[in-house]
Amino acid sequence: MNNRFKALVAGLVLLMAACGDPGNVPKEYIQKDKMSKILVDMTLADAYGNEVSALTTPLPDSVRQEKIKIYYKQILDLHHVSVKDFMASYNWYESHPDRMKDVFEKVQADIAIRKNKLGNPAEENAPVRFRLKSFFPNADKAFLLPASDTVRPFIKRQP
């Protein structure tokens with residue numbers, strides 16, 4: 001009877017240790033909040049790299065990817081995280097899909113909030129450059145003058 005009790009206690013201890021807290025991330029890895037902020041910044045950098053490449057002279061994919069890697073390194077530096085620590089954490093999250101799902105849900109929520117702040121480009125209350133962008137893709141590069149200032153660019157400045 002004594003051996004059965006010891007085996008039962010040992011089994012319960014192992015079971016409790018194996019289950020653990022499903023929401024916790026070990027301390028040696030980047031925590032969920034910080035990881036989601038890093039991934040939001042990386043997602044925006046990736047979108048920026050693709051957008052700039054499409055608007056300017058199209059770059060070969062290899063050059064564009066190298067530029068994006070530079071952005072990633074700058075983002076990790078801003079968050080005070082080494083590439084090695086980020087990769088170790090990312091690999092850990094990949095092996096724990098439930099926690100990775102939590103991180104990506106935070107990323108999606110953050111990006112949705114940022115997108116909603118911009119508003120719909122065609123909406124009447126949106127800033128002018130966003131409304132014009134729906135008609136003219138390069139509108140943010142245009143120089144707009146108020147209607148009353150149409151003569152000013154042609155007046156020679158006197159010293």
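Guide: Welcome! Let us start with histidine 80, an exposed residue whose relative accessible area comes to 72%. Please keep in mind that this is a predicted model.

Visitor: Why is histidine 80 called exposed?

Guide: The word applies to a relative accessible area over 50%. Histidine 80 has 72%, so the residue counts as exposed. Histidine 80 sits in the loop between α3 (61-78) and α4. Its phi is near 55°, which is a positive value in a residue other than glycine.

Visitor: What is the secondary structure of the protein chain?

Guide: The protein chain has six helices and zero strands. Read from the N terminus on, the order is α-α-α-α-α-α. The chain has 159 residues, and 18% of them count as buried.

Visitor: What makes serine 36 buried?

Guide: Buried means under 20% relative accessible area. The value for serine 36 is 8%, so serine 36 is buried. You will find serine 36 in helix α2 (residues 32-55). Leaving aside residues up to four places away in sequence, serine 36 touches Val103, Lys106 and Val107.

Visitor: How do you know that aspartate 102 and lysine 32 form a salt bridge?

Guide: The cut-off is 4 Å between a side-chain nitrogen of Lys or Arg and a carboxyl oxygen of Asp or Glu. In this pair the closest N and O atoms are 3.0 Å apart, so aspartate 102 and lysine 32 meet the rule. The two link distant parts of the chain: aspartate 102 belongs to helix α5 and lysine 32 to helix α2, 70 residues apart.

Visitor: Are aspartate 102 and lysine 32 buried or exposed, or something in between?

Guide: Aspartate 102 has 28% relative accessibility, which lies between the 20% and 50% limits, so aspartate 102 counts as partly exposed. Lysine 32 has 13%, which is under 20%, so lysine 32 is buried.

Visitor: What makes aspartate 33 and lysine 106 a salt bridge?

Guide: The N to O distance is 2.5 Å, within the 4 Å cut-off, so the pair qualifies. This pair also joins distant parts of the chain, with aspartate 33 in helix α2 and lysine 106 in helix α5, 73 residues apart. Aspartate 33, at 46% relative accessibility, counts as partly exposed. Lysine 106 is partly exposed too, with a relative accessible area of 35%.

Visitor: How many salt bridges are there in the whole structure?

Guide: A search finds five. One of them joins lysine 73 and aspartate 77, with the closest N and O atoms 2.9 Å apart.

Visitor: Why are lysine 73 and aspartate 77 said to be separated by about one helical turn?

Guide: They are four residues apart in helix α3, which means a separation of about one helical turn. Lysine 73 is partly exposed at 38% relative accessibility, and aspartate 77 is partly exposed at 40%.

Visitor: Why does arginine 99 have no salt bridge?

Guide: The nearest side chain of opposite charge is aspartate 98, at 4.4 Å.

Visitor: What makes α4 and α5 roughly perpendicular?

Guide: Helix α4 (residues 83-94) and α5 pack at an angle of about 115°, with axes 6 Å apart. The range for roughly perpendicular is 65 to 115 degrees, and α4 and α5 are therefore given that description. Where they meet, Tyr90, Trp92, Tyr93 and Glu94 come from α4, and Pro97, Arg99, Met100, Val103 and Phe104 come from α5.

Visitor: How do you know that tryptophan 92 is buried?

Guide: Its relative accessible area is 10%, under the 20% limit, so tryptophan 92 is buried. Tryptophan 92 is in helix α4. Not counting residues up to four places away in sequence, tryptophan 92 touches Asn24, Val25, Pro26, Tyr29 and Arg99. The C-alpha atoms of tryptophan 92 and proline 26 are 9.5 Å apart, while the two residues are 66 apart along the chain.

Visitor: What share of the contacts joins residues at least 24 apart?

Guide: Among contacts in the protein chain between residues at least 6 apart in sequence, the share is 63%.

Definitions and conventions:
Residues are numbered from 1 along each chain as its sequence is written. This is a predicted model: local features need pLDDT of at least 70, side-chain atom pairs count only at pLDDT 80 or more; totals for chains, interfaces and linings use all residues. Side-chain values use heavy atoms; hydrogens and water are left out. Buried means under 20% relative accessible area, exposed over 50%, partly exposed in between (1.4 Å probe, protein chains only). Lys and Arg count as positive and Asp and Glu as negative; His and the chain ends are not counted. Axes are lines fitted to C-alpha atoms, for helices over the stretch in contact, and angles run from 0 to 180 degrees between N-to-C directions. Angles under 35 degrees count as roughly parallel, over 145 as roughly antiparallel, 65 to 115 as roughly perpendicular and the rest as oblique. Contact means heavy atoms within 4.5 Å.
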